[in-house]
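Student: I have a new structure to read. Can you walk me through it, one feature at a time?

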Amino acid sequence: MVVDIPAFTPVHLLTGFLGSGKTTLLKRLLADPALADTAVLINEFGEVGLDHHLVERIDDTMVLLQSGCVCCTVRGELSDALRDLHSRRERGLIPPFTRVVIESTGLADPFPVLSTLKSDPVLRHHFRAGSVVTTVDAVNGLSQLDTYAESTRQAAIADRLVITKTDLCEDGADLARLLSRLNELNPDALRAIAGEDGPDAEILFGEDTARRAAGLQSPSGFYCDAPMPTARADGAALHTTISSFVIAVDEPIDWTGFGVWLTMLLNRHGSRVLRVKGILALEGEERPVAIHGVQHLVHPPVHLAGWPSVERSSRLVFIVDGLDVNLLKRSFNAFALAGSTGIRPQPEAAVQTRSAQSP
């Protein structure tokens, strides 16, 4: 079979908090023929239990699976592993692959994986960021989101949220509260319930969020207009610095000034900008432009066919960790809105923070 190698191979990240079912999901996915043209990077083969999938051991860090996947153990730097995969593919030493799937550890911040693709001068010419898939435990997920910043960051950055262990969740109300919380935290993510037969690889590692942007129909161009709550499900205050807010602008935005502002923001605070997404009305443009960024990575802007609503104003939605909202808005005014009246005042409920601290 001839495999058409993409110019930029997508790199998908499978993450999730400790015990949320990443390894179980990955083990099932590795048997899926849809992943036959995939390279999979994991921490150790033993954690996934690949014995019954193994066809050939290429060396001590790489095996070929029955499905056709090339599965590698990451030892050392991720950039080295990706470089090695690319080199072996170019030399014909391993089967050609059209995507990479990386399983992270349970306490990992997704940012280092995503930033590796952009910061490495070799990788950024051959790979691109794909989807972030985050597993969430139906039994313990709500308490983990309330308690651990890592869990919240993993969920906020996700393109797809996979809810695991629903068969062990005795109280349907608890599951409903978890789904509601995830919808508040990251309403733009596709959600799926894990089971013996699903979700399949195409759902998880198919079309990425940037490509979906043209089909999203909400006032901002994404399903993320409402800020996150400030209290836990039990009413107690949340002990985290993560917050969400909306910037709404009536005047057309200067694309050059906006680009300078966003570049400076992400260079300085990219690891703390969990997501920025929205729709822009630009000077000299009739059609709106949708943007979507995750930490230091910004997907190419998408020109939409038309406005999703009668209102033709710009809306940007941010999920940030510990950044001062007022300082960020003032810098936006200075660069992207020079000569205009500035950001439209938002109702108090539209800018909610959760114990936010200045950078």
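Predicted model: local features only at pLDDT ≥ 70, side-chain atom pairs only at ≥ 80, totals over all residues.

Student: How many helices and strands does the protein have?

Tutor: The secondary structure comes to eleven helices and 16 strands.

Student: What share of the residues is buried?

Tutor: Buried residues make up 53% of the 359 residues in the protein.

Student: And what share of the contacts joins residues 24 or more positions apart?

Tutor: Take the contacts with a separation of 6 or more. Residues 24 or more positions apart account for 77% of them.

Student: How do I describe two packed helices?

Tutor: Two packed helices are described by the angle between their axes and the distance between the axes. Here, look at α10, residues 255-269, and α11, residues 325-336. They pack at an angle of about 145°. Their axes are 8 Å apart. The crossing of α10 and α11 is right-handed.

Student: Which residues of α10 and α11 meet?

Tutor: From α10 come Gly257, Phe258, Val260, Trp261, Met264 and Leu265. From α11 come Leu328, Ser331, Phe332, Phe335 and Ala336. By class, this contact of α10 with α11 has nine nonpolar residues, two polar ones and no charged ones.

Student: What do nonpolar side chains tend to do in soluble globular proteins?

Tutor: They tend to be buried together. In this model, the largest nonpolar core has 45 residues. Those with the most contacts inside this core are Leu41, Leu82, Leu85, Val100, Ile102, Phe127 and Leu182. Another core, of 24 residues, lies apart from the largest one. Among its residues are Val249, Phe258, Val276 and Val289.

Student: Back to leucine 182. Which residues does leucine 182 touch, not counting those up to four places away in sequence?

Tutor: Leucine 182 touches Val136, Leu145, Ala155, Leu161, Ile163 and Pro187.

Student: Now single residues. Where is isoleucine 253?

Tutor: Isoleucine 253 is in the loop between β10, residues 242-249, and α10.

Student: Is isoleucine 253 buried or exposed?

Tutor: Buried, because its relative accessibility is 0% and the limit for buried is under 20%. Isoleucine 253 and alanine 336 are 83 residues apart along the chain, yet their C-alpha atoms are separated by 6.0 Å.

Student: What about histidine 12, and where is it found?

Tutor: Histidine 12 is in strand β1, residues 9-16. It counts as buried because its relative accessibility is 2%. Beyond residues up to four places away in sequence, histidine 12 touches Arg99, Val100, Val101, Ile102, Gly130, Ser131, Phe205 and Gly206.

Student: Which backbone oxygen does the side chain of serine 67 reach?

Tutor: That of leucine 30, at 2.9 Å. Serine 67 is in the loop between β4, residues 62-65, and β5, residues 70-73. At 16% relative accessibility, serine 67 counts as buried. In sequence, serine 67 and leucine 30 are 37 residues apart. In space, they are 6.9 Å apart, C-alpha to C-alpha. Apart from neighbours within four places, the contacts of serine 67 are Leu30, Ala31, Asp32 and Ala36.

Student: Where is glutamate 150?

Tutor: Glutamate 150 is in helix α6, residues 149-157. Its relative accessibility is 30%, so it counts as partly exposed. With neighbours within four places left aside, glutamate 150 is in contact with Phe17 and Leu107.

Student: What is phi of lysine 165 near?

Tutor: Near 60°, a positive value in a residue other than glycine. Lysine 165 lies in the loop between β8, residues 160-164, and α7, residues 172-185. It counts as partly exposed, at 29% relative accessibility.

Student: One last residue. Is proline 300 buried or exposed?

Tutor: Exposed, because its relative accessible area is 61%. Proline 300 is in the loop between β13, residues 297-298, and β14, residues 302-303. Along the chain, proline 300 and alanine 290 are ten residues apart. Their C-alpha atoms are separated by 9.1 Å.

Technical notes. Residues numbered from 1 in each chain as written. Heavy atoms only, no water. Axes fitted to C-alpha atoms, helices over the stretch in contact; angles between N-to-C directions. Helix = DSSP H or I, 4+ residues; strand = E, 2+ residues; numbered from the N terminus. Left-handed = near helix turned anticlockwise from the far one by under 90°. Contact = heavy atoms within 4.5 Å. Nonpolar A, V, L, I, M, F, W, Y, C, P; charged D, E, K, R; others polar. Buried < 20%, exposed > 50% of the residue type's maximum accessible area, 1.4 Å probe, protein only. Polar contact = N/O pair within 3.5 Å; in protein donor to acceptor, adjacent residues only side chain to side chain. Core = buried A, V, L, I, M, F, W, Y, C linked by side-chain atoms within 4.5 Å.
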